[in-house]
Amino acid sequence: MGMSEFYGAGDEQESIATIHRSIELGCTFLDTADMYGSGKNEELVGRAVKDRRQKVVLATKFGNVRGPNGEFLGVKGTPEYVKQACDASLKRLGTDVIDLYYQHRVDKTVPIEDTVGAMADLVKAGKVRYLGLSEASPKTIRRAHSVHPISALQTEYSLWERDPEDEILVTVRELGIGFVPYSPLGRGFLTGQFKRFEDLAADDFRRMSPRFQGENFRKNLDLVKKIEEIAREKNCTAAQLALAWVLAQGDDIVPIPGTKRRKYLEQNLEAVNIKLTPDDLARIDEVAPKGVAAGARYPERAMAALDK
């Protein structure tokens with residue numbers, strides 16, 4: 001996502017080099033969406049994997065609609081739109097099949113059975129291999145899964161966003177659905193790179209996030225300091241510790257830390273080599289219990305639009 005929008009200026013050459021390096025290092029699960037850069041990110045990913053398509057599991061998403069000037073027009077999950085969006089994504093990605101196709105956000109005006117039914121038609125047509133949902137409630141997940149097997153659920157999960165532990169993880173595990181945490185580094189906050197609000201670029205969308213603002217920023221910085229302290233004892237970075245914690249929550253959990261630079265990619269991948277003992281996990285739970293983060297994870301309007 002950050003390669004094309006939201007996190008300040010991008011560098012296409014470095015972005016493609018980062019994708020190539022990820023494949024070299026055995027990181028073969030690539031996640032994009034048609035809304036990232038209003039299609040530009042799918043095009044970038046498509047160019048990057050053109051000569052190595054068989055080496056990657058390619059995931060993209062539909063449902064967040066953008067206008068001609070990039071404006072957000074809402075969520076759409078009608079059967080007709082599902083098929084239009086898929087065809088457009090296939091073209092931008094330069095491929096004849098999407099390995100994992102997600103509904104990015106649930107359209108509350110369309111029965112999930114209708115949306116997933118259209119997604120299932122894409123599987124029958126050979127355009128999509130597996131289906132996924134993003135930010136769906138347990139009830140929606142069950143209804144969707146009854147129409148066609150859902151292979152993955154993508155939802156925010158990290159040391160500062162542990163709400164999925166209430167019902168989501170129980171539901172997907174009961175149904176045999178893989179769990180894909182996005183923003184496992186708290187949109188970069190858990191890396192410790194931000195010490196002041198002013199560290200964010202003027203066009204960085206995180207400036208609108210309640211957790212990056214005012215008193216919330218200061219309180220969340222205190223959390224990061226505690227994580228950094230444990231990380232030093234483990235001879236790793238705060239980001240590596242945060243990723244290792246997510247990985248330690250189960251073999252069915254596959255986090256997707258975003259980065260647009262080879263340097264951070266290589267650092268992130270080192271997290272798989274960090275072993276957290278039961279004592280380590282208990283200590284991390286003490287400093288980062290459920291609900292520890294100050295502020296909502298999205299602005300009020302975006303939170304209201306989520307499937308509950």
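Predicted model: local features only at pLDDT ≥ 70, side-chain atom pairs only at ≥ 80, totals over all residues.
Student: Let's start with helices. How do you describe two that pack together?

Tutor: You give the angle between their axes and the distance between the axes.

Student: Switch to α6. Which of its residues are buried?

Tutor: Helix α6 is residues 168-175, and its buried residues are I168, L169, T171 and V172.

Student: Where do they sit around the axis?

Tutor: They cover an arc of only 160°, so they lie on the same side of α6.

Student: Why would residues a few places apart point the same way?

Tutor: An α-helix has 3.6 residues a turn, so residues three or four places apart point the same way.

Student: And what do the buried residues of α6 pack against?

Tutor: They pack against α5 (138-147), β7 (152-156) and β8.

Student: Which exposed residues are on the face turned away?

Tutor: V170 and E174. That face of α6 is turned away from the buried side.

Student: What comes just after α6?

Tutor: G176, with a positive phi of about 75°.

Student: Which non-glycine residues have a positive phi? Start with R187.

Tutor: The phi of R187 is near 55°, and R187 is not a glycine. R187 is in the loop between β8 (178-182) and α7 (214-233).

Student: Is R187 buried or exposed?

Tutor: R187 is buried, with a relative accessible area of 7%.

Student: And what about N235?

Tutor: N235 is not a glycine either, and its phi is positive, about 60°. N235 is in the loop between α7 and α8 (238-247).

Student: Buried or exposed, for N235?

Tutor: N235 counts as exposed, at 73% relative accessibility.

Student: New topic: rings. How many aromatic pairs are there?

Tutor: A search of the whole structure finds 8 aromatic pairs. Take Y157 and W245 as an example. Their ring centres are 5.5 Å apart and their planes are at 50°, so the pair is tilted.

Student: Where do those two lie?

Tutor: Y157 is in the loop between β7 and α6, and W245 is in helix α8. So the pair ties together parts that are 88 residues apart in sequence. Both Y157 and W245 are buried.

Student: What about W160 and F212?

Tutor: Their ring centres are 6.1 Å apart and their planes are at 85°, so this pair is edge-to-face. W160 is in the loop between β7 and α6, and F212 is in the loop between β8 and α7. They are 52 residues apart, so what does "edge-to-face" rest on? The planes at 85°. W160 is buried, and so is F212.

Student: Which residues do ring pairs link into a cluster?

Tutor: W160, F189, F194, F212 and F217.

Student: Now A244. Where is it, and is it buried or exposed?

Tutor: A244 is in helix α8. A244 is buried, with a relative accessible area of 3%.

Student: What does A244 contact?

Tutor: Leaving aside neighbours within four places in sequence, A244 is in contact with A271, I274 and L276.

Student: How far is A244 from N268?

Tutor: They are 24 residues apart in sequence and 9.3 Å apart in space, C-alpha to C-alpha.

Student: And how far is R218 from Q240?

Tutor: R218 and Q240 are 22 residues apart along the chain, and their C-alpha atoms are separated by 22 Å. R218 is in helix α7. At 42% relative accessibility, R218 counts as partly exposed.

Student: Last one, M3. Where is it?

Tutor: M3 is in the segment before α1 (12-24). M3 is buried, with a relative accessible area of 14%.

Student: What does M3 touch?

Tutor: Not counting residues up to four places away in sequence, M3 touches G10, S15, T18, I19, N41, L44, T259 and K260. The C-alpha atoms of M3 and T18 are separated by 9.9 Å.

Terms used. Residues numbered from 1 in each chain as written. Heavy atoms only, no water. Helix = DSSP H or I, 4+ residues; strand = E, 2+ residues; numbered from the N terminus. Buried < 20%, exposed > 50% of the residue type's maximum accessible area, 1.4 Å probe, protein only. Arc of directions from axis to C-beta. Contact = heavy atoms within 4.5 Å. Phe/Tyr/Trp six-rings, centres within 6.5 Å; stacked < 30°, edge-to-face > 60°.
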